[in-house]
Amino acid sequence: MTVSFLSFSDIFKSGFLENVTAVSMLDIVIAMTLSFALGLFIFYVYKKTYAGVMYSSTFGVTLIALTMIATFVILAVTSNVVLSLGMVGALSIVRFRTAIKEPLDIAFLFWSLAAGIVLSAGMIPLAVFGSVLIGVVILLFANRKAAVNPYILVVQTDNQAHETAAMQYIREHTKKCVTKTKTVQRGNIELNLEIRLNDENTEFVNELADLEGVRSAVLVSYNGDYMG
């Protein structure tokens, strides 16, 4: 009875050892370093253009991580056809439940993934030039402010007569006044108005609140997006 012992290389006759060296160490270092640099650039653009209420530093770190993750995944996929098929099946079952609060955040997520994929595919000039161009476009347009900032004015009055007087006063002291919502209850009328100010002076709100029949007047800065 003959007992044969398999060597380490015999165990991996499928070509595992060859796949280890399919991508050179120099290529890995260059790709991961560049992906980190592009991720930092994307993070910088995100931080400069963020216009939300509360800035999330973890989302910025996520953009860097996504760029690097996409890079090493595509490096592995391009070196092995079998692995690429298995990767497609594995990623198809992944579901992300995190809500995206800002529409522009979606663009940053796709930008990070695309930069990592293009970079790992060996198209370094396209990845660098494309990222710089996208960053410049976002910096130019995302930070543009409207000529006249919109506001939401919430006014509560006692009855219809006082509502009419308040609306007349508001139209006389604003460039534009559009009714968004109106809530009527017994003895109370609430108006939500989108307005454009003549200037940055908001003292007319104080005078509005002093009008007869006006219970309260609240002015809120508004980015122009609304549901309805």
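These exercises look at aromatic rings in a predicted model.

Residues are numbered from 1 along each chain as its sequence is written. In this predicted model, local features need pLDDT of at least 70 and side-chain atom pairs count only at pLDDT 80 or more, while totals for chains, interfaces and linings use all residues; side-chain values use heavy atoms, without hydrogens and water.

**Exercise 1.** Classify the ring pair of Phe41 and Trp111.

Solution. Rings of Phe, Tyr and Trp (its six-membered ring) pair if their centres lie within 6.5 Å; planes under 30 degrees apart are stacked, over 60 edge-to-face, the rest tilted. The structure holds 5 aromatic pairs. In this one, the centres are 6.0 Å apart and the planes stand at 85°, so Phe41 and Trp111 are edge-to-face.

Now place the residues. Phe41 is in helix 3 (residues 25-49) and Trp111 in helix 6 (residues 103-120), so the pair ties together parts 70 residues apart in sequence. Helices are DSSP runs (H or I, at least four residues), numbered from the N terminus.

**Exercise 2.** Classify the ring pair of Phe108 and Trp111.

Solution. Their centres are 5.9 Å apart and their planes at 35°, so this pair is tilted. Both residues lie in helix 6, 3 residues apart, about one turn of the helix.

**Exercise 3.** Decide whether Trp111 is buried or exposed.

Solution. Buried means under 20% relative accessible area, exposed over 50%, partly exposed in between (1.4 Å probe, protein chains only). Trp111 has 5% relative accessibility, so Trp111 is buried.

Note on methods: Helix = DSSP H or I, 4+ residues; strand = E, 2+ residues; numbered from the N terminus.
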